[in-house]
Amino acid sequence: MDVLLFIMYVYECPEKGSPNEKTAYISYLDSIRYLTPSRYRKPIYQEVVLSYFAYVKQRGFKSALIWVCPPKKGDDYIMYLSFLSPLFLQLFASSRAADAQ
């Protein structure tokens with residue numbers, strides 16, 4: 001079974017002559033509280049972001065920016081539904097019924 005713990009939306013601008021030439025932007029970051037013990041979450045997620053920065057540097061990018069506002073308490077951006085939430089289960093059931101028709 002695969003479990004998605006962390007997701008990151010990025011925009012990479014490799015075009016020459018552009019003001020943003022060779023710049024990578026992280027526009028959204030999101031994670032779920034699945035990883036335990038919880039004290040390992042932050043360092044692991046930080047390592048994922050740092051590894052991405054190293055990856056784009058290796059590809060020749062000159063800068064990488066985190067272009068995202070921190071969410072307000074209780075807000076979720078990407079992974080906004082738990083797979084056990086009633087809304088998710090309802091959406092899943094309705095999509096399965098539509099696929100069956």
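Me: What ground rules apply to the numbers and the model?
Reply: Residues are numbered from 1 along each chain as its sequence is written, and side-chain values use heavy atoms, with hydrogens and water left out. In this predicted model, local features need pLDDT of at least 70, side-chain atom pairs count only at pLDDT 80 or more, and totals for chains, interfaces and linings use all residues.

Me: Why is Arg-41 called buried?
Reply: Buried means under 20% relative accessible area, exposed means over 50%, and partly exposed lies in between (1.4 Å probe, protein chains only). Arg-41 has a relative accessible area of 16%, so Arg-41 is buried. Arg-41 is found in helix H1. Of the 101 residues of the protein chain, 17% count as buried.

Me: What does Arg-41 touch?
Reply: Contact means heavy atoms within 4.5 Å. Not counting residues up to four places away in sequence, Arg-41 touches Ile-32, Arg-33 and Leu-35.

Me: Is Tyr-11 buried, exposed or partly exposed, and why?
Reply: Tyr-11 has a relative accessible area of 46%, so Tyr-11 is partly exposed. Tyr-11 sits in strand S1, residues 6–13. Leaving aside neighbours within four places in sequence, Tyr-11 is in contact with Thr-23, Ala-24 and Tyr-25. Tyr-11 and Tyr-25 are 14 residues apart along the chain, yet their C-alpha atoms are separated by 5.1 Å.

Me: Why is Trp-67 called exposed?
Reply: Its relative accessible area is 66%, so Trp-67 is exposed. Trp-67 lies in the loop between S3 and helix H2 (86–100). Trp-67 still has contacts: Tyr-25, Ile-26 and Ser-27, not counting residues up to four places away in sequence. Trp-67 and Ser-27 are 40 residues apart in sequence and 5.0 Å apart in space, C-alpha to C-alpha.

Me: What makes a set of residues a nonpolar core, and which residues form the largest one?
Reply: A nonpolar core is a set of buried Ala, Val, Leu, Ile, Met, Phe, Trp, Tyr and Cys residues joined through side-chain atoms within 4.5 Å. The largest one has nine residues: Phe-6, Ala-24, Ile-26, Leu-35, Tyr-45, Val-49, Tyr-52, Val-56 and Phe-61. Strand S2 (23–31) and helix H1 (41–58) each supply at least two residues of this core. The largest share, four residues, comes from H1. In soluble globular proteins, nonpolar side chains tend to be buried together.

Me: How do you know that the length of H1 agrees with that of a helix?
Reply: The expected span is 1.5 Å times one less than the number of residues. For the 18 residues of H1 that gives 26 Å, and the end C-alpha atoms are 26 Å apart, so the two agree.

Me: Which residues of H1 are buried, and how do you know which side they are on?
Reply: Arg-41, Tyr-45, Val-49, Tyr-52 and Val-56 are buried in H1. They cover an arc of only 65 degrees around the axis, so they lie on the same side of H1. The arc is that of the directions from the helix axis to the C-beta atoms. The buried residues of H1 pack against S1, S2 and strand S3 (63–66). The face turned away from the buried side carries the exposed residues Leu-50, Lys-57 and Gln-58.

Me: How do you know that the strands pair?
Reply: Two strands pair if DSSP finds at least two bridges between them. S1 and S2 pair in the antiparallel sense over eight bridges. Four bridges join S2 to S3, and these run parallel. Ala-24 in S2 stands opposite Glu-12. Ala-24 also stands opposite Ala-64 in S3. Tyr-25 has Leu-65 as its bridge partner in S3.

Me: Why is a β-α-β unit called right-handed, and which elements make one here?
Reply: A crossover is right-handed if, with the strands pointing away from the viewer, the path from the first strand over the helix to the second runs clockwise. S2, H1 and S3 make a right-handed β-α-β unit.
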